[in-house]
Amino acid sequence: MSETKIIDGKAVAAALKAEIRSKVARLQHSGPIPGLAVVLVGHDPASEIYVRSKIKQTTEVGLASIEHRLDSDVLQEDLLRLVEELNEDPAVHGILVQLPLPAHINSTEILLAIDPRKDVDGFHPINVGMIATQSGGIVPCTPLGSMKLIQSVRPDLAGLKAIIIGRSNIVGKPMAQLLLAQDCTVTLAHSKTRNLAEEIAASDIVVAAVGRPHCIRGEWIKPGAIVIDVGINRIVDEQGQRRIVGDVAFDEALGRAGAITPVPGGVGPMTIACLLSNTVDAFLRETCPD
Ligand code: NDP
């Protein structure tokens, strides 16, 4: 068994936030600062926790935080009007509408209404298309954070074989584009993939974004592979304790993977750090386009 490096997502995120904080401090001297607007509809407990954490970290790095909380029975047209106001507001450089939205709201219409230049989540089709064609665009935060973690242990990925398990629009598909842009040979696996274990065993990089606790077994992992575990699964363990675990059987992967992210403390902290970084980048593109 060789030693597995545990990739410390909290430390990488803290370094990124320190960089953002000093960038923002420099901007403060010369004029306006970047602003991130967060829109929360209703009282979904998980969304409340995410939004609280996002707002706290936004202000910690010195960005302006603009918060809009709306009742769960808000009308589609009122939410659309708010998005349009935020699009026009020069103090707002990033807009984040927390998902999921209540069932009566057409989420696609809301996300399409966000100005792509302020779409710091990177979900707008304009940004999706720009990433796919490698012509810029705002990269979704979780894949962006995952790439930074991979490159924290291995900057040059050219020629490596990468597999992503999970093909969602917010994680799997953009992750595949980013790895492709780094010259990896990419496999995008999903629930209909045959011989998943074999596909994983042939891969130098494994990104798990499934949402099923410990569904990726340690013995499937190629010795020395880099493993990024995006999954967040709430379980009750054998001792009856509530815990958050990833998609990868972490203990089995130790001694086999070359490097692995823990859950919690891996990809999670990077997601918010990348949201802040996307907001500063959006501000810089708006205020100094060259
Ligand atoms: P989705 O539910 O949208 O997608 C899950 C994907 O997993 C689908 O493509 C599905 O395939 C695939 N899948 C399901 N079962 C299997 C299986 N047995 N074998 C192979 N593939 C399978 O999830 P998300 O992408 O939104 O999220 C994935 C996980 O990442 C979740 O745990 C989520 O909580 C977490 N997450 C973490 C974030 C963070 O900040 N750390 C941010 C975002 C998500 P198919 O398409 O065929 O149905």
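Predicted model: local features only at pLDDT ≥ 70, side-chain atom pairs only at ≥ 80, totals over all residues.
**Exercise 1.** Determine how much space lies in the largest pocket and which residues lie nearest its centre.

*Solution.* Begin with the volume: the largest pocket holds about 1300 Å³ of space. Next, consider the lining, which comprises 46 residues. Of these, Tyr50, Thr142, Ile232, Gly268 and Thr271 lie nearest the centre.

**Exercise 2.** Identify the elements and domains that contribute to the lining of the largest pocket, and describe the lining by class.

*Solution.* First, list the elements that give two or more residues: α1 (9-30), α2 (45-60), β4 (94-97), α6 (141-153) and α10 (267-287). The largest share, seven residues, is supplied by α2. Then turn to the domains: domain 1 (31-116) and domain 2 (140-268) each provide at least three lining residues. Finally, sort the lining by class, which gives 27 nonpolar, eleven polar and eight charged residues.

**Exercise 3.** Characterise the second largest pocket by its volume, its lining and the domains that take part.

*Solution.* The volume of the second largest pocket is about 300 Å³. Its lining consists of 16 residues, and those closest to the centre are Gly122, Phe123, His124, Val128 and Asn169. Two or more lining residues come from each of α4 (107-113), α5 (125-132) and α7 (172-181). Among these helices, α5 gives the most, with four residues. By class, the lining of the second largest pocket contains ten nonpolar, five polar and one charged residues.

Terms used. Residues numbered from 1 in each chain as written. Heavy atoms only, no water. 1 Å grid on protein atoms, 1.4 Å probe; cavity = no way out; pocket = protein on both sides within 12 Å on 5 of 7 lines; lining within 4 Å. Points joined across faces, edges and corners; volume = space filled by probe spheres on them. Nonpolar A, V, L, I, M, F, W, Y, C, P; charged D, E, K, R; others polar. Domains from an automatic or database assignment.
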